[in-house]
Amino acid sequence: MSQIFEPNRDFSREARIKNMCEFKELSLQAEENFEGYWDKMAKEKIDWFEPYDTVLDESNRPFYKWFIGGKLNVTHQCLGRHLDRRKNKAAIIWEGEDGKKRIITYLQLYYRVNRLANLMKNKFDIKKGDRVILYMPMIPEAAFAMLACAKIGAIHSIVFGGFSADALRDRIIDASAKLIITADGAFRRGKPYMLKPAVDEALKEGCECCKKVLIVQRNFEDIDYTPGRDYVYNEIIMNESQHCDPEPMDSEDPLFLLYTSGSTGKPKGVMHSSAGYILWAQYTMEHVFDVKENDTFWCTADVGWITGHTYIIYGPLAMGATTIMYEGTPTFPDTGRWWKMIEEHRVNQFYTAPTAIRLLHKLGKNEPKKYDLSSLKVLGTVGEPINPDAWMWYYNEIGRKNCSIVDTWWQTETGGHMISPLPGATPIKPGSATFPLPGIMAEIIDENGNQTPKGEKGFLCITKPWPSMIRNIWGDSDRYVKSYFGDCKKDGKSVYFSGDGAMYDDDGYIVITGRTDDVINVSGHRLGTAEIESVLAHHFNVAEVAVVGCPDPIKGEGVFAYIVIKGEDSIGEEIEMIQELNALIKKEIGNIAKLDVVLFVPGLPKTRSGKIMRRILRSIAKGEEITQDTSTLEDPLIVDKIQNLVNC
Ligand code: WT7
C-alpha cells in the first residue's frame with residue numbers, strides 16, 4: 001500500500017476546508033439537499049444582474065439546465081466587479097519566452113477587453129451568439145479576445161496553435177465562425193514560429209462563413225495580408241472606446257465551444273454555459289487551490305485546452321487573483337525556467353501536467369534546488385494518471401514536503417475539477433485523485449450499475465448533473481446523448497459516463513486507470529485513434545490501419561500504428577513511408593499526433609465478421625501477454641506473426 005501524506009498543519013489552519021470532518025459535512029449537505037446546496041453556492045458566488053427562479057431543470061434529460069431565468073455576464077464576474085477594490089492589482093503577469101514581461105492590471109484588462117469588444121461589434125458586426133475562432137499563441141491578447149467575446153455574448157472557440165490548417169478549417173466550418181482572431185506568430189524554443197499562414201491555408205476552401213481575420217502582431221515576421229479580409233489589431237484597436245456595456249446573458253447562454261476528440265468521427269464541439277461554468281471555475285479555485293486574495297496562481301497549460309480556459313483565465317480572474325501566463329517551453333533556455341519563474345513571481349499555486357513533471361525530472365533532476373520555491377502552497381497535476389515516481393519528485397523537490405499535491409481528475413466536458421484532494425483537508429497518496437468534490441456524485445460502477453468492490457476496475461460515471469457540465473455537442477444533439485449517456489445505467493437510468501476506467505483502492509481512494517474507449521492520451525492531449533486512422537488511410541499505399549496507444553516514459557502514451565500495405569511494392573521502402581505518413585498527420589491534424597511506433601504487419605486480427613480485435617492490438621503495443629481467446633479469429637496465426645515482428 002502506498003504512503004499517505006497529511007496536509008501541512010499551518011496551511012490547514014488557514015484553509016477554507018480545514019479537515020476531513022468539514023469536507024464530509026459539506027459533501028453530506030450536498031447529498032441531502034442537492035439543489036439547496038447549489039442554490040446557496042450560486043447565490044453566494046455569482047454577482048447576478050437578475051436572479052434566477054429555478055436551480056435545476058431535469059425535465060428534458062440529459063439536456064439539463066441550471067439557474068434558469070438568471071442573467072449575468074461572465075466578464076462582470078471576472079473583471080467588472082473587481083474594479084472597486086482591485087483596479088490597480090495585477091490581473092495577468094505575462095512572460096514571453098524571450099524574457100519580455102507585461103503586467104496587466106484589472107483596470108487595464110477591463111479597458112483592453114472593452115476596446116476589443118467594441119472593435120468586434122463595430123467593425124466586424126459580431127453579435128450575441130456568433131462564433132469567433134481564436135487561433136492564438138500564449139499572449140495576453142488571447143485573454144483579451146476570450147473576454148471580449150464573453151462581454152458581447154459571442155461564443156469563442158479556441159483552436160490550439162499546434163493544430164494544422166486542415167484541423168483549423170474543420171473547426172471553422174463546423175462552428176460556422178464569422179471571425180478569426182490570430183497572431184502573426186510567437187516564440188518557441190528560442191525561435192519565432194508562424195501561425196497566420198495556417199489561417200490563410202484554412203480559409204482557401206469551404207469557409208464562406210468567415211469573412212474577417214484580426215491579426216495581433218507578436219513576432220513581426222513577414223506574413224501575407226488579404227485586403228478587405230485581414231486587419232491588424234495593433235493598428236486599429238486604439239480607435240475604439242474603452243467603455244462597453246456587458247451583454248446581459250441568460251444562465252444557459254453558451255459561453256464557449258471547445259473541440260475535443262471522441263472515439264469515433266470528427267472532433268466534437270463541447271458546449272459550455274455561462275452561469276454553471278463560471279460558478280464551477282470559482283468554486284474549484286476556492287476548494288481545490290484554496291486561492292486567497294493576494295495569491296499568484298500559475299497554470300502552465302495552453303489556452304487552447306480546457307485547463308487553460310478554466311485555470312489561466314476564467315477561474316483566477318473570477319477570484320480576483322493574479323494569473324501568470326507564459327509563452328514558451330519549460331526547457332528554454334534551460335530546465336530551470338519554470339522554477340526561476342516561481343521564485344521571481346512568488347507563485348503560490350502551481351498547476352501542471354504529469355508529462356511536464358516527468359520531463360523536468362528526467363532532464364533536470366537537481367535543477368529545482370537552485371531556486372527559492374518557498375512561496376508555493378499548493379501543487380496541482382492534471383491530464384493523465386501520474387506515476388508515483390514523478391509524484392514523489394514533485395512533492396519532495398518542488399513542494400519541499402510542505403505542499404499538498406492536488407491530483408485533479410476532470411475533462412473538457414466537465415468544465416472544471418471533479419475528483420481531487422482538498423489541500424487543507426485530504427490526506428494524499430501518490431497516484432490517486434482521492435475523492436469527488438462536495439456536490440459531485442461520481443461513482444465507479446460495473447455493467448449492471450452496481451458500485452464496484454475495492455480493487456476492481458469499473459466505469460467512472462457521474463450519476464447526477466453538475467452546474468458546469470457539457471450542455472451539448474455543437475450541431476449534434478444525438479451525438480451528445482450517445483457519447484455520454486449511452487453506455488452506463490444506474491437504477492435503470494442513463495448516467496454520464498466519462499470514458500475512463502477507475503477503481504477504489506483498499507482505503508476507498510479513487511485511482512484512475514485510463515480511458516476505456518478508443519481515445520488515447522498523449523502528453524495530456526486527447527486524441528481519437530479513429531481520427532488518426534482516417535488520416536493514415538489516405539495514404540495511397542495503406543490497405544488497412546489500426547492505431548492504439550503504447551506506453552511512453554515521458555508522454556504517458558505514444559501513438560502506435562499497425563499498417564497493412566497494399567501489394568508488395570513498398571517492401572524495403574518503409575522508412576520513406578513512415579515519413580510520408582507523418583507528413584500526412586502533420587498536415588491534417590498537427591504534430592501532436594505524430595506516430596511514435598509504426599509496425600508494418602501482414603494483416604490485422606479480425607473476427608470472422610470482420611471486426612478488428614483492438615484489444616489484442618492494445619495488449620501487443622503495451623507488451624502485455626495476450627489473454628484473450630484468439631481461436632475465434634479469422635486467422636488465429638496472425639497474432640503470433642505480429643508478436644514476432646514486435647520481438648524482432
Ligand atoms: C481525460 C480528459 C482535464 C483537463 C485536461 C485534459 C484524463 C485528466 C486526470 C487525472 C488521470 C486524468 C482522463 C480524462 N485525465 N485528469 N488527474 N488522472 N487521468 O482534458 O483532453 O478533456 O482529457 O484526461 O482520461 O478523461 P481532456
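## Ligand shell and nonpolar cores

Three elements each give at least two residues to the shell around the ligand: helix H12 (306-319), strand S20 (404-408) and strand S26 (510-515). Do keep in mind as you look around that this is a predicted model.

The ligand has 17 residues around it, and those that come nearest are Asp407, Thr408, Thr412, Asp500 and Arg526. By residue type, the shell splits into six nonpolar, six polar and five charged members. Here are some polar atom pairs between protein and ligand.

| Residue and protein atom | Ligand atom | Distance |
|---|---|---|
| Thr412, side-chain N or O | oxygen | 2.5 Å |
| Asp500, side-chain N or O | oxygen | 2.9 Å |
| Gly383, backbone N or O | nitrogen | 3.1 Å |

On its own, the ligand has 560 Å² of accessible area, and the protein covers 95% of that.

Which residues touch the most other members of the largest nonpolar core? They are Trp38, Phe67, Leu109, Leu116, Met120 and Tyr314, out of 127 residues in that core. Helix H7 (residues 140-152) contributes the largest share of this core, with 10 residues.

Leaving aside residues up to four places away in sequence, Phe67 touches Trp38, Ala42, Trp48, Tyr52, Thr54, Val55, Ser251, Ala275, Gly276, Leu279 and Pro467. Trp38, one of these partners, is also among the residues that touch the most other core members.

Conventions: Residues numbered from 1 in each chain as written. Predicted model: local features only at pLDDT ≥ 70, side-chain atom pairs only at ≥ 80, totals over all residues. Heavy atoms only, no water. Near = heavy atom within 4 Å. Polar contact = N/O pair within 3.5 Å; in protein donor to acceptor, adjacent residues only side chain to side chain. Areas by Shrake-Rupley, 256 points an atom, 1.4 Å probe, with all protein chains shown as cover. Helix = DSSP H or I, 4+ residues; strand = E, 2+ residues; numbered from the N terminus. Nonpolar A, V, L, I, M, F, W, Y, C, P; charged D, E, K, R; others polar. Core = buried A, V, L, I, M, F, W, Y, C linked by side-chain atoms within 4.5 Å. Buried < 20%, exposed > 50% of the residue type's maximum accessible area, 1.4 Å probe, protein only. Contact = heavy atoms within 4.5 Å.
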